[in-house]
Amino acid sequence: MRNVAVEEKQQIPLLTPYKLGDFQLSHRIVLAPLTRQRSYDYIPQPHAVLYYSQRATKGGLLLTEGTGVSDTAQGFLHSPGIWTDEQVEAWRPIVDAVHAKGAIFFCQIAHVGRVSNTDFQPNGEAPISSTDRGLTPLILPDGAVAARFSPPRRLRTEEIPQIVNDFRLAARNAVKAGFDGVEIHGGHGFLIEQFMKDHVNDRTDEYGGSLQNRCRFALDVVEAVSNEIGAKRVGIRLSPFADYMESGDSNPEALGLYMAEALSQCGLLYCHVVEPRMKTVGEKSETQHSLVPMRNRFKGTFIVAGGYDREGGNEAVGENRADLVVYGRLFLANPDLPRRFELNAPLNKYNRETFYTSDPVVGYTDYPFLDETA
């Protein structure tokens, strides 16, 4: 008797095996780095053991939520860090639980830069950035103010190596905590992107002006982290076409291609890029831009993110536009997403109202598995 489920699985591009450097993946579905704001006092909590292990499968790849590299890196309430020994020890049981399921686990290391305010900064100091130009408050669709940002302080040239070193030490700590590697957050209007994008970077030193100069900080971080833990354990997330946190660029195509080529020369394990259709945080929009030129220029594993469903992910892999596809909201609401995709089963609907709340369970570990809804 034919095993129809096995035959169908083999026909689904998202469920085909993939060799990610030294890591053997059993499928192409990746858990997105989802900020959950449930790491009280910047320390990962025991409830995250269940959250991440629920979404772990043998040979699956998981990315952590954005994790701060230093005490100046924070801009969101209850987001985790990895710059202290206490944080490293708190991550260990979470990593162990994911590994016990046979999954591969990368820690996304981040610095928000000017996407912060003095309340999050040591001694109430100004957030640091490539610029001293501030952000307008973040307004929700209902008119409520979601966040206010303090005017940033422009980093002096001689201070930049210290920030690069913070990323290096965070990568070292991630390996110490047991992670298989790190993903450098170079997108979403955070610090690295504040250097890369010409709508933000107004510097006149060697970190400003030309495209090469604006990308220098990002590549300094990549080099430092790669030298510390090995390039085969390092990826980066980019969003060249996006305008998150007022961080747009006049020529995103050139920026994306330059970074893809430079990262290839660095021997980076993967490049994880947000689709151009995700111009701002929220729903998809029409665009004439494509990531295919970046995909062709980058020689490592190419990962895409941005509003994908089952059909879109299968098309991206099947048409060789991507090696792996990242899922956020769908994976949050469906901890067994690879299984549901395999069976083409109905999906749980995500509850947007619980996305950035601090309850350790609600909207976090309480979404049902397929066998619980059958």
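Reader: How many aromatic pairs does the structure hold, and how do I read one?

Author: A pair of aromatic rings is described by the distance of the centres and the angle of the planes. Rings of Phe, Tyr and Trp (its six-membered ring) pair if their centres lie within 6.5 Å; planes under 30 degrees apart count as stacked, over 60 as edge-to-face and the rest as tilted. Here you get 15 aromatic pairs. Take tyrosine 51 and tyrosine 52: their ring centres are 4.8 Å apart and the planes sit at 70 degrees, so that pair is edge-to-face. This is a predicted model, where local features need pLDDT of at least 70 and side-chain atom pairs count only at pLDDT 80 or more, while totals for chains, interfaces and linings use all residues. Residues are numbered from 1 along each chain as its sequence is written, and side-chain values use heavy atoms, with hydrogens and water left out.

Reader: Are tyrosine 51 and tyrosine 52 buried or exposed?

Author: Buried means under 20% relative accessible area, exposed over 50%, and partly exposed in between (1.4 Å probe, protein chains only). Tyrosine 51 has 1% relative accessibility, so it is buried, and tyrosine 52 is buried too, at 1%. Both belong to one aromatic cluster, along with Trp91, Phe105, Phe179 and Tyr364.

Reader: Which parts does the pair of phenylalanine 195 and tyrosine 207 tie together?

Author: First the geometry: centres 6.2 Å apart and planes at 75 degrees, so phenylalanine 195 and tyrosine 207 are edge-to-face. Helices (H or I, at least four residues) and strands (E, at least two) are DSSP runs, numbered from the N terminus. Phenylalanine 195 lies in helix α5 (residues 191-196) and tyrosine 207 in the loop between α5 and α6 (211-214), so the pair ties together parts twelve residues apart in sequence.

Reader: What about salt bridges: how many are there?

Author: Look for a side-chain nitrogen of Lys or Arg within 4 Å of a carboxyl oxygen of Asp or Glu. That rule gives 18 salt bridges. In one of them, aspartate 22 meets lysine 232 at 3.2 Å, N to O. That pair links distant parts of the chain, 210 residues apart: aspartate 22 is in the loop between β1 (18-20) and β2 (23-25), and lysine 232 in the loop between α7 (216-229) and β12 (234-238). Aspartate 22 is exposed, at 54% relative accessibility.

Reader: Where do arginine 339 and glutamate 342 lie?

Author: Both are in helix α12 (residues 337-343), three residues apart, about one turn of the helix. Arginine 339 is partly exposed at 42%, whereas glutamate 342 is buried at 13%.
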